[in-house]
Amino acid sequence: MKDNGTGSTANLRKEERTVNCKEALPIMHEYFDGLLDGEGAAALRRHLAECPACAARFRAYERTEALMRSLRRPETPPGLTASILAALPPETRRRSWFRWIRRHPAAAVTAAFLIVMLGSFLSIWDQDSRVTVSGDDLDGIIVEGDKVIVPEGTRLDGNLTVRNAEVRVDGELAGNLTIIDGSVAYASAAHISGRVTKVDRALDYIWLKIEEWFGALVPAW
Amino acid sequence: MDTPSIETRLVRLAKSGDRGAFADLVELYKDKIYHLAYRMLGNRQEAEDVVQETFLRVFRSLDRYDESLKFSTWIYRIGTNLAIDRLRRRRAAYSLDAETASASDSDGQDWHGLLASEDMSPEGHVLLSETQRRIRDAIRSLPEKYKSVVILKYLHDMSLQEIGDVLNMPVTTVKTRVHRGREFLRRRLEVEEDFT
């Protein structure tokens with residue numbers, strides 16, 4: 001603390017503000033509130049230097065302040081966030097969709113695009129469900145509804161491709177047989193010299209789409 | 001206008017139905033509101049209830065949130081009011097209880113807040129130091145009028161102006177309460193010091 005202002009120095013400081021104990025108390029509080037100006041601080045300092053009771057009180061406030069600020073935070077119970085969120089009223093479905101679109105515009109555009117693509121593909125696919133038979137040699141082949149029959153005793157030279165049909169081979173085929181979206185049955189007497197390939201185009205296409213879908217969405221997620 | 005604070009932006013998102021944004025607000029404030037409620041009530045369970053209720057109110061009032069008010073002021077106001085309500089209800093129940101003291105069975109809810117926190121260390125499983133316990137008890141014994149002011153000032157580092165905003169009272173009133181609260185605490189803490 002500074003010199004107590006007695007003796008010869010007292011005359012020099014006559015015009016400075018002096019405070020008694022009663023006045024010093026609110027100034028002390030101002031100090032601890034962090035609101036004390038320079039003049040008040042000087043007056044308080046001078047008073048504390050000459051008044052042991054107020055100085056003791058000042059130190060007690062200082063300890064109180066320090067103690068209060070040393071109080072630790074209690075640990076927040078774990079799972080509090082979860083229980084707060086669980087207590088909220090349930091989310092409406094429409095809103096969550098809308099929000100998803102807002103938050104993931106790229107993914108939303110991709111998804112919309114794929115849906116349109118898939119829709120158009122499926123409509124084309126639907127129109128394309130009639131039976132088609134193509135081959136190098138179609139002599140003697142029988143088509144009955146969705147059945148394609150290579151009758152017994154018939155020999156077809158070359159490859160045969162059948163789409164959207166149940167194929168029954170009772171005769172002989174000197175070439176490859178390809179069945180797209182269909183099935184095949186053989187009689188014991190049947191003979192196919194080439195390879196038999198079955199393609200399920202819709203399934204392949206869907207697989208392809210699924211791969212595309214994830215390929216498009218994952219990076220944008 | 002200056003750029004909106006994180007809280008303002010999160011409130012806007014939460015208003016539009018973004019639960020993630022609301023969860024972020026919870027993360028930002030749950031510890032603070034828990035600490036506030038815990039110091040006000042001195043009881044873990046009640047503090048947890050107050051935090052739950054605070055966020056539920058915030059959620060329900062998002063549409064009415066006035067952006068000219070700081071979000072922290074707003075949520076502290078809600079939390080403080082809920083805690084004060086509980087203190088008052090407890091006091092009412094306590095005086096009622098005292099009248100019919102002999103008839104009441106010991107695990108009545110009204111006693112809960114006054115007694116439950118004493119047996120278990122509220123700071124989790126860590127044993128409280130003697131000093132920490134003394135401060136805690138001094139705060140607990142503060143009259144309600146000074147309690148909220150003292151807690152906001154010392155434990156939440158708020159300025160007198162902010163405290164006035166939270167409690168909806170003039171700064172001069174806050175100041176008086178801080179001074180009286182400080183005096184009260186000094187006496188409590190000094191007396192206890194003499195004992196040890």
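Before the details, some ground rules. What you see is a predicted model, in which local features need pLDDT of at least 70 and side-chain atom pairs count only at pLDDT 80 or more, while totals for chains, interfaces and linings use all residues. Residues are numbered from 1 along each chain as its sequence is written, and chains are lettered from A and ligands numbered from 1 in the order in which they are written.

I start with strands in chain A. Two strands pair if DSSP finds at least two bridges between them. In general, strands of a sheet pair through backbone hydrogen bonds, either parallel or antiparallel.

Chain A has an open sheet of 4 strands in the order S2-S3-S6-S9, with mixed pairing. Strand S2 (142–144) and strand S9 (183–186) of chain A each have a single partner strand, so they stand at the edges and one side of each has no neighbour in the sheet. From one strand to the next, the twist averages 20°. S2(A) pairs with strand S3 (residues 147–150) of chain A in the antiparallel sense, over 3 bridges. Within that pair, A:Ile142 is opposite A:Ile149 in S3(A).

Parallel pairing also occurs in chain A. Strand S5 (residues 160–163) and strand S8 (residues 177–180) of chain A are parallel over 4 bridges, with A:Leu160 bridged to A:Leu177 in S8(A). S8(A) also pairs in the parallel sense with strand S11 (residues 196–199) of chain A, over 4 bridges. There, A:Leu177 has A:Val196 in S11(A) as its bridge partner.

Now helices, still in chain A. The axes, which are lines fitted to C-alpha atoms over the stretch in contact, with angles from 0 to 180 degrees between N-to-C directions, come within 11 Å for helix H2 (residues 21–33) and helix H4 (residues 52–70) of chain A, and cross at roughly 25°. H2(A) and H4(A) are therefore roughly parallel to each other; that label covers angles under 35 degrees, with over 145 roughly antiparallel, 65 to 115 roughly perpendicular and the rest oblique.

Which residues of H2(A) meet H4(A)? They are A:Cys21, A:Ala24, A:Met28 and A:Phe32, and they meet A:Ala53, A:Cys54, A:Phe58, A:Tyr61 and A:Glu65 in H4(A). Contact means C-beta atoms, placed from the backbone, within 7 Å. By class, the residues of this contact are 8 nonpolar, no polar and 1 charged. Ala, Val, Leu, Ile, Met, Phe, Trp, Tyr, Cys and Pro count as nonpolar, Asp, Glu, Lys and Arg as charged, and the others, Gly among them, as polar.

Next, chain B. It has 9 helices and 0 strands. Helix H2 (residues 19–41) and helix H3 (residues 44–60) of chain B pack at about 140°, with axes 8 Å apart. That angle makes H2(B) oblique to H3(B). Their contact has 12 nonpolar, 1 polar and 3 charged residues.

Last, where the chains meet. The contact takes 26 residues from chain A and 35 residues from chain B. On the chain A side, H2, H4, helix H5 (80–86) and helix H6 (93–103) each supply at least two residues. H4(A) gives the largest share, 6 residues. The side of chain A that touches chain B has 13 nonpolar, 5 polar and 8 charged residues.

Methods
Contact = placed C-beta atoms within 7 Å.
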